[in-house]
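Keep the sequence and the 3D view side by side while you read. The paragraphs below go from strands to side chains and then to the ligand.

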Amino acid sequence: MAEDTIFARIVRGEVPATIVYRDDMVTAFRDIAPVAPTHILIVPNRTIPTLNDLTADDAALIAHMVLTAQRLAQQEGIAESGYRVVINCNPQGGQSVYHLHLHLIGGRKMSWPPG
Ligand code: 5GP
């Protein structure tokens, strides 16, 4: 069930995570398998499975997710050196948890294109 993704359980406080920020719309926590010195996941508190499920009604939510990433990048000290924000969508996009999330990744030089 969509409501029972691991991220929904983290949002509900049922599974431990290193939470770095939360408010009434989003929760941000450190990735359990970081790919860089900073790797934070920003998720909506409400379960939305994929980017494809967003509608115009979610415009404020997605803006808030991006602005949260911007603020956390400042907090992590990576805003000036640079960072990446990523939303993987569905299997070919590399999505493994079907609760929308934005990756904030930084603290090392990254390559392009992604694998
Ligand atoms: P995706 O591949 O769906 O874009 O990213 C899912 C991310 O969630 C991966 O980077 C993975 O390491 C992370 N992840 C999976 N399970 C957990 C968990 O239980 N706790 C935390 N903090 N991160 C998780």
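Arginine 22 faces threonine 27, which belongs to strand S2. This model is predicted. The two strands involved here are S1, residues 19–22, and S2; they pair in the antiparallel sense over three bridges. Follow the chain from one to the other. S1 and S2 make a hairpin, with three residues between them.

S2 has another partner. Strand S3 covers residues 38–44, and S2 pairs with S3 in the antiparallel sense over five bridges. How enclosed is S2 by the rest of the structure? Four of its five residues are buried, so S2 is largely enclosed. Buried here means under 20% relative accessible area.

Next, turn to the rings. How many aromatic pairs does a search of the whole structure find? The search finds one. Its members are phenylalanine 7 and phenylalanine 29. Their arrangement is edge-to-face, with 5.3 Å from centre to centre and 70 degrees between the planes. The angle counts as edge-to-face because it is over 60 degrees. Phenylalanine 7 sits in helix H1 (residues 6–11), while phenylalanine 29 sits in strand S2 (residues 26–30), so the pair ties together parts that lie 22 residues apart in sequence. Are these two residues buried or exposed? Phenylalanine 7 is buried, and phenylalanine 29 is buried too.

Another ring has a charged neighbour. Arginine 71 lies over the face of tyrosine 21, 4.6 Å from the ring centre.

Now find the loop between helix H3 (90–93) and strand S5 (102–106). Glutamine 95 is found in this loop. Does glutamine 95 count as buried or exposed? Its relative accessibility is 7%, so glutamine 95 counts as buried, the cut-off being under 20%. Its side chain makes contacts with the backbone at two places. The side chain of glutamine 95 reaches the backbone oxygen of proline 49 at 3.0 Å. It also reaches the backbone nitrogen of asparagine 90, at 2.8 Å.

With a relative accessible area of 27%, asparagine 90 is partly exposed.

There is a further backbone detail to locate. Look in the segment after S5, where proline 113 is found. A cis peptide bond joins tryptophan 112 to proline 113, with omega at about 5 degrees.

Finish at the ligand. Which residues come nearest to it? There are 17 residues around the ligand, and those that come nearest are Asp31, Asn88, Ser96, His101 and His103. Start with aspartate 31. A polar atom of its side chain lies 2.5 Å from an oxygen atom of the ligand. Asparagine 88 also has a polar side-chain atom by a ligand oxygen, at 2.8 Å. Arginine 30 takes part through its backbone: an N or O atom there lies 2.9 Å from a nitrogen atom of the ligand. How much of the ligand does the protein cover? On its own, the ligand has 520 Å² of accessible area, and the protein covers 82% of that.

Terms used
Residues numbered from 1 in each chain as written. Predicted model: local features only at pLDDT ≥ 70, side-chain atom pairs only at ≥ 80, totals over all residues. Heavy atoms only, no water. Phe/Tyr/Trp six-rings, centres within 6.5 Å; stacked < 30°, edge-to-face > 60°. Buried < 20%, exposed > 50% of the residue type's maximum accessible area, 1.4 Å probe, protein only. Lys NZ or Arg CZ within 6 Å of the ring centre and 35° of its normal. Near = heavy atom within 4 Å. Polar contact = N/O pair within 3.5 Å; in protein donor to acceptor, adjacent residues only side chain to side chain. Areas by Shrake-Rupley, 256 points an atom, 1.4 Å probe, with all protein chains shown as cover. Pairing = 2+ DSSP bridges.
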